[in-house]
Amino acid sequence: MLFSAKKDVLPSREHALKGQKTPMMISNNHFVNGNPIAQPFPNNTEQAIFGLGCFWGAERKFWQQQGVFSTAVGYAGGYTENPTYKELCTGLTAHAEVVLIVFEPEKISYQQLLILFWESHNPTQGMRQGNDTGTQYRSAIYTFSDEQQTLAEQSRQDYQQQITAKGFDN
């Protein structure tokens, strides 16, 4: 039986669930556009991973963008190997719900994806988004290169300056 942890505190590696050796079997085709959701991806594409609360609504925001080749939902940033949804909901995996975005940078830039990320959720809510509460709903950006890391950090700084200038009542 799985026991619930505190929903607002990430577990340590020692307290995380062990998980499974075998990943969940999935179709490799995106349900909406039919493109692959797992590697290999076309050479003209790059990848981004964002955690912005529940991944179902978040994924849709990205797959609707011109220049997005494919999207997929999953878990990232935790300790548990191949966690199930039931394990994730215990708060004992340290994973966040995330969206993988495979995009064509000549059609949509990483910076444009970052803007959509910031505008699509409230990162100030901590370990929740709206009514969804738990560590898996935290705001997160996982990068694939030094350039993405730099752009993500700059976008965070820009976003913080914007909300500070506007205040919380606007």
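Visitor: Take strand S1, residues 46-52. Which strands do bridges join to S1, and what lies around them?

Guide: A caution first: this is a predicted model.

Start with burial. S1 is mostly covered, with six of its seven residues buried.

Now the pairing. S1 and S3 run antiparallel, joined by five bridges. Phenylalanine 50 has isoleucine 141 of S6 as its bridge partner.

Phenylalanine 50 leads on to the aromatic rings. Ring pairs link Phe50 into a cluster with Phe62, Phe103, Tyr110, Phe117, Trp118 and Tyr159. Across the whole structure, the search finds eight aromatic pairs. Among them is the pair of phenylalanine 55 and tryptophan 56. Its geometry is edge-to-face, at 4.8 Å centre to centre and 90° between the planes. The two partners sit in contrasting surroundings. Phenylalanine 55 is buried, at 4% relative accessibility. Tryptophan 56 is exposed, at 55%.

Next, helix H3, residues 110-119. Its buried residues are Tyr110, Leu113, Leu114, Leu116, Phe117 and Trp118. The cover over these buried residues includes S1. It also includes strands S2, S3 and S6, along with helices H1 and H4. H1 spans 55-63, and H4 spans 146-166. Tyr110, Phe117 and Trp118 of H3 are also members of the ring cluster that holds Phe50.

Now the charged contacts. One joins the side chains of glutamate 81 and lysine 21, at 3.5 Å from N to O. Lysine 21 lies in the segment before S1, while glutamate 81 is in the loop between S2 and helix H2, so this pair ties together parts that are 60 residues apart in sequence. Lysine 21 is exposed, with 66% relative accessibility. Glutamate 81 is partly exposed, at 34%. The other salt bridge joins lysine 107 and glutamate 104, at 3.4 Å from N to O. Glutamate 104 is buried, with a relative accessible area of 13%.

Stay with the segment before S1 for another residue. Glutamine 39 is found there. Glutamine 39 is exposed, at 57% relative accessibility. From glutamine 39 to asparagine 29 the separation is 10 residues in sequence and 11 Å in space, C-alpha to C-alpha.

Finally, the cysteines. A disulfide is a covalent bond between the sulfur atoms of two cysteines. The cut-off used here is 2.5 Å between sulfur atoms. By that rule the count is zero disulfides. The closest cysteine sulfur to that of cysteine 54 belongs to cysteine 89, and at 9.8 Å it is too far for a bond. Seen from cysteine 89, the closest cysteine sulfur is that of cysteine 54. Both residues are partly exposed: cysteine 54 has a relative accessible area of 28%, and cysteine 89 has 21%.

Methods: Residues are numbered from 1 along each chain as its sequence is written. This is a predicted model: local features need pLDDT of at least 70, side-chain atom pairs count only at pLDDT 80 or more; totals for chains, interfaces and linings use all residues. Side-chain values use heavy atoms; hydrogens and water are left out. A salt bridge is a side-chain nitrogen of Lys or Arg within 4 Å of a carboxyl oxygen of Asp or Glu. Helices (H or I, at least four residues) and strands (E, at least two) are DSSP runs, numbered from the N terminus. Buried means under 20% relative accessible area, exposed over 50%, partly exposed in between (1.4 Å probe, protein chains only). Contact means heavy atoms within 4.5 Å. Rings of Phe, Tyr and Trp (its six-membered ring) pair if their centres lie within 6.5 Å; planes under 30 degrees apart count as stacked, over 60 as edge-to-face and the rest as tilted. Two strands pair if DSSP finds at least two bridges between them.
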